[in-house]
Amino acid sequence: MHANGVRLCVETFGDPDAPAILLISGAGASMDWWEVEFCQRLASGGRRVIRYDHRDTGRSVGYPPGEPGYTGLDLIADAVGLIDALAGGRAHLVGVSMGGGIAQQLAIQHPDRVETLTLIATSPIGPRNPDDELPPMAPRLAARFANPPPEPDWTDRDAVVDHLVDDERAFAGPGCFDEQAVRALAHRVVDRSINPESSKNHWLIADAGGDVQPRHSHVTAPTLVIHGTEDPLFPPEHAAALAREITGAELLLLNGVGHQTPPPSTWDLVVPEILRHTAPRPQPVGVPAQR
């Protein structure tokens with residue numbers, strides 16, 4: 001479909017008239033990382049679930065490797081366009097990593113579009129006070145960024161799959177990495193991608209939030225923060241900061257989980273929590289009920 005003036009690949013689950021959940025993936029990640037069964041479980045709880053490919057991933061509009069024709073602000077506008085086109089102008093947002101940054105900025109810039117926020121494996125957006133710095137990434141991950149593994153031959157399907165699996169392993173928590181399942185998922189990602197190499201373009205845009213200063217105290221949407229205790233990119237203190245800085249936010253820590261879209265081993269906990277969080281809330285007298 002077309003949203004925000006570009007072609008985005010979208011898939012929906014559940015009753016079109018049910019409250020909508022928009023799933024927002026992380027940097028370089030197509031919709032496939034929100035696994036079908038995860039989406040179906042949410043839909044079975046009475047939600048309309050929307051997942052989509054970011055630009056430069058999956059079947060959405062793509063740009064040449066190294067030449068992203070967009071900014072982080074465009075990725076935010078893409079999500080707004082999908083909310084307007086598919087959710088009647090208002091949705092529950094569930095974002096992971098960069099997707100969590102997009103969700104935060106959207107809640108600050110467009111509070112009328114956001115019913116609730118669920119922020120997974122992400123960090124407060126924007127610069128911080130030097131007296132309130134958050135812990136850096138784990139040394140093992142910092143070493144990987146400093147000395148990255150060689151890039152694959154992007155025309156070799158198996159080499160690209162191996163590359164994706166190795167990357168996911170580096171971010172996963174101990175005991176939360178199922179290589180067989182991740183490899184099968186990586187095959188789906190590669191098979192659906194117009195140009196897998198272009199997904200690296202996300203790392204060339206400054207950040208998901210642009211230059212707008214964060215105002216977490218202005219976030220009015222009920223917020224649930226979900227974070228792995230073994231996240232090597234954003235240690236758990238990042239999640240605690242989000243929960244502290246967004247009024248009324250709840251924090252759910254996933255024991256042993258790393259920087260990951262919630263793995264299947266967590267779904268029995270995560271899915272009911274998201275359904276609880278996105279359930280209709282009592283409205284003050286005179287205020288229209290949630291869609």
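Okay, let's start at Gly89, which sits in the loop between H2 and E6. Keep in mind that we're looking at a predicted model. Is Gly89 buried or exposed? With a relative accessibility of 17%, Gly89 is buried, because the cut-off for that is under 20%. If you ignore neighbours within four places in sequence, Gly89 is in contact with Ile83, Asp84, Asp112 and Arg113. For a sense of scale, take Asn201, 112 residues away along the chain: its C-alpha and that of Gly89 are 29 Å apart.

H2 has 15 residues, and from first C-alpha to last it covers 21 Å, close to the 21 Å you'd expect at 1.5 Å a residue. At the start of H2, have a look at Thr71: one of its side-chain oxygens comes to within 3.2 Å of the backbone nitrogen of Leu73. The buried residues of H2 include Leu75, Ile76, Ala79, Val80, Leu82, Ile83 and Leu86. Asp78 is on that buried list too, along with Gly72 and Gly81.

Okay, on to the sheet. How many strands form it, and in what order? There are seven, running E3-E5-E4-E6-E7-E8-E9, in an open sheet with mixed pairing. At the edges you have E3, residues 10–13, and E9, residues 250–254; each has a single partner strand, so one side of each has no neighbour in the sheet. Going from one strand to the next, the twist averages 20°. And here H2 comes back in: residues 72–86 pack on this sheet, touching E3, E4, E5 and E6, and the direction of H2 makes about 145° with that of E5.

Let's stay with E5, residues 48–52. Five of its five residues are buried, so E5 is largely enclosed by the rest of the structure. In a regular strand, side chains alternate between the two faces of the sheet. In E5 both faces are covered: Arg48, Ile50 and Tyr52 are buried on one side, and Val49 and Arg51 are buried on the other.

Who does E5 pair with? E3 and E5 run antiparallel over four bridges, and there Phe13 has Val49 as its bridge partner. E4 and E5 pair in the parallel sense, again over four bridges, with Leu23 partnered by Arg51. Moving along, E4 (residues 20–24) and E6 (residues 91–96) are parallel as well, with four bridges between them, and Ile24 stands opposite Gly95 in E6.

Ser97, in the loop between E6 and H3, has a positive phi of about 55° although it isn't a glycine. Ser97 counts as buried at 17% relative accessibility. Ala121 is another non-glycine with a positive phi, about 50°. You'll find Ala121 in the loop between E7 and H4, and it's buried, at 2% relative accessibility.

That loop between E7 and H4 also holds Ser123, which is buried with a relative accessible area of 11%. What does the side chain of Ser123 make a polar contact with? The side chain of His238, at 2.7 Å. Residues up to four places away in sequence aside, Ser123 touches Gln104, Leu134, Phe234, His238 and Leu242.

One more serine: Ser198, in the loop between H6 and E8. Ser198 is buried, at 2% relative accessible area. Again leaving out residues up to four places away in sequence, Ser198 touches Asp56, Tyr63, Pro64 and Pro65.

Last stop, a pair of helices. H4, residues 139–146, and H5, residues 157–171, pack at an angle of about 145°, with axes 10 Å apart. Which residues meet there? From H4 you have Arg140, Leu141, Arg144 and Phe145, and from H5 it's Asp166, Asp167, Ala170 and Phe171. That contact divides into four nonpolar residues, four charged and no polar.

That's the tour. If you've got the model open, go back to E5, with its five buried residues.

Conventions: Residues are numbered from 1 along each chain as its sequence is written. This is a predicted model: local features need pLDDT of at least 70, side-chain atom pairs count only at pLDDT 80 or more; totals for chains, interfaces and linings use all residues. Side-chain values use heavy atoms; hydrogens and water are left out. Axes are lines fitted to C-alpha atoms, for helices over the stretch in contact, and angles run from 0 to 180 degrees between N-to-C directions. Helices (H or I, at least four residues) and strands (E, at least two) are DSSP runs, numbered from the N terminus. Contact means heavy atoms within 4.5 Å. Ala, Val, Leu, Ile, Met, Phe, Trp, Tyr, Cys and Pro count as nonpolar, Asp, Glu, Lys and Arg as charged, and the others, Gly among them, as polar. Two strands pair if DSSP finds at least two bridges between them. The expected span of a helix is 1.5 Å times one less than its number of residues. Buried means under 20% relative accessible area, exposed over 50%, partly exposed in between (1.4 Å probe, protein chains only). A polar contact is a pair of N or O atoms within 3.5 Å; within protein, one must be able to donate a hydrogen and the other to accept it, and residues adjacent in sequence count only if both atoms are side-chain atoms.
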